[in-house]
Amino acid sequence: MNERDSEAVAAMLRGRGYSIVDGEQDADVILLNTCSVRDQAEQKAIGKAGYLTSRKRKHQPKLLVGIMGCMAQNRGADLLDQLPDLDLIVGTQKFHHVPDHLDNLIRTLEGQGPKPSTLIDLEAEESSQNTIREHNKEGSISSFVSIMQGCNMRCNFCIVPKTRGKERSRPIEHIVEEVEELVAAGTKEITLLGQIVTSYGRDILKFKDKKSPFVQLLEQVQEVKGLERIRFTSPHPRGFKDDLIEAYRDLSKLCEYVHLPLQSGSDRMLKAMNRPYRVESFLNIVNGLRKAAPRMTFSTDIIVGYPGETDQDFQETVEVFKEVGFDMGFIFKYSPRSGTVSAELQDDVPKEVKEKRNQVLLDILQEQSMKTNQSLVGRIEEVLVEGPARKGEGMFMGRNRGFRKVIFAGTPRLIGQLVPVRITEASVTTVKGELELTGMEDN
Ligand code: SAH
């Protein structure tokens, strides 16, 4: 989501006549878009901003440095205690005002008037969900589209509802129009973005023929001619009712890969986290999805070391992790966040234990990823070619429908096309293969 918000700001700035330079050394303005999910992310951003503002103080007085996004929203003017030379602090509903703010700051700088004070813009803004719309002109094969802002869930560990506000959805027609424009510019794959995409549209639309607004949106996006693939992130397990499971059977463009945040495999922990599902219902969703689309693969988010997590709780997570066979995922060490319910609890799992549990899951993830990749060897996979591979002359990179990276020898002409690739080799993170000239077989 941050990547998408940053892309939109960059595109708005280009529209204003700014240009984006390759390296920060050449920039007159540097904006950091930030994440607050864990303390470590904030500390990194503060460290980077500290480095940039000291460069400004010492060598480049006209450099403008700004902080945008969740940490700006979370800390606001308090950031100035550590970073007194910041020029701009812009919250999560104000990205579209960045061009105006910069224009104003630059005018003040050029007028050689008094040193401009820090511009701080953090209020909630009605309809801000409709402002993340601009894209880079070049057109990419795979594009993100923001369908909503905010989050109404109340996970006890999570700061996102505080930094992103209440759920607010864009109208279906606006989203479809944006997808159509992207496809006209060369996009073949869309990832729909929101904090909880499965809650899309509850604020503006009704269920229709027992279908949720999110499934209605998927059906409309499926109709966009020239679009080949649809993905989305992040859904909530609670959102996987029959309508969404059946969408995997019925919508040909919807790819068989789901990011399904589990957080913990212990019911006791799920309850403590205020996650509104239990292990059994999670597994039922997984099985339902596998029935609807037998080749379905899953990724997830797990938090290790939530307050009170015992070895037994963690062992249960390990078991569910293996049972589902997640082959991609993000493992987070619990980090207390101010303003959340669990910040009031004692962060009682020692650092070393968090570290160890983290490593156990990462090792299983590697094994399971290798297993999935090996199972592809010998198959012919449909690959959407994204561009040259990072290494190897004449080598190209694309993904199969299951989001696996596939490397093969090709030509630039294939970029943006769906091609059949016979998989010959597997490693933990990628598979290699050869273009299959006879076409796709039904395997
Ligand atoms: N709204 C999205 C993304 C939330 S943030 C969703 O619900 O999927 C992404 C992930 O960060 C969460 O799924 C969770 O696993 C992790 N996370 C959130 N708060 C955290 C905290 N306080 N400490 C550690 N990990 C956290």
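**Entry 1: aromatic pairs**

I began with rings and searched the whole structure, which is a predicted model, and the search finds nine aromatic pairs. For my own notes: rings of Phe, Tyr and Trp (its six-membered ring) pair if their centres lie within 6.5 Å, with planes under 30 degrees apart called stacked, over 60 edge-to-face and the rest tilted. One of the pairs is Phe157 with Tyr306, edge-to-face at 6.4 Å centre to centre and 80° between the planes. I then checked where the two residues sit: Phe157 is in the loop between β6 (148–149) and α6 (160–164), and Tyr306 is in the loop between β11 (297–304) and α12 (311–324). The pair links distant parts of the chain, 149 residues apart. Helices (H or I, at least four residues) and strands (E, at least two) are DSSP runs, numbered from the N terminus.

**Entry 2: ground rules**

Residues are numbered from 1 along each chain as its sequence is written. As the model is predicted, local features need pLDDT of at least 70 and side-chain atom pairs count only at pLDDT 80 or more, while totals for chains, interfaces and linings use all residues; side-chain values use heavy atoms, leaving out hydrogens and water.

**Entry 3: domains 2 and 3**

I looked up the division of the chain and found domain 1 (2–121), domain 2 (128–374) and domain 3 (380–435), with bounds from an automatic or database domain assignment. Domain 2 and domain 3 have C-alpha centres 26 Å apart. Their contact (heavy atoms within 4.5 Å) takes 22 residues from domain 2 and 21 residues from domain 3.

About 1700 Å² is buried between domain 2 and domain 3, and carbon and sulfur atoms give 51% of that. Buried area here is the accessible area (1.4 Å probe) that two parts lose on being put together, summed over both. On the domain 2 side, Ile141, Arg229 and Asn373 lose the most area to domain 3, together 37% of what that side buries.

Next I asked how many salt bridges there are between domain 2 and domain 3. The count is four, where a salt bridge is a side-chain nitrogen of Lys or Arg within 4 Å of a carboxyl oxygen of Asp or Glu.

**Entry 4: salt bridges**

Over the whole structure I noted 33 salt bridges. Among them, Arg404 and Asp327 meet through their side chains at 3.2 Å, N to O. Arg55 and Glu24 form another, at 3.9 Å, N to O. Arg55 is in helix α2 (residues 39–58) and Glu24 in the loop between α1 (2–15) and β1 (29–34), 31 residues apart.

Which peptide bond is cis? I found that the bond from Thr233 to Ser234 is cis, with omega near -10°. Ser234 lies in the loop between β9 and α9 (242–250).

I also marked Asp209, which has a positive phi of about 45° although it is not a glycine. Asp209 is in the loop between β8 (189–193) and α8 (213–222).
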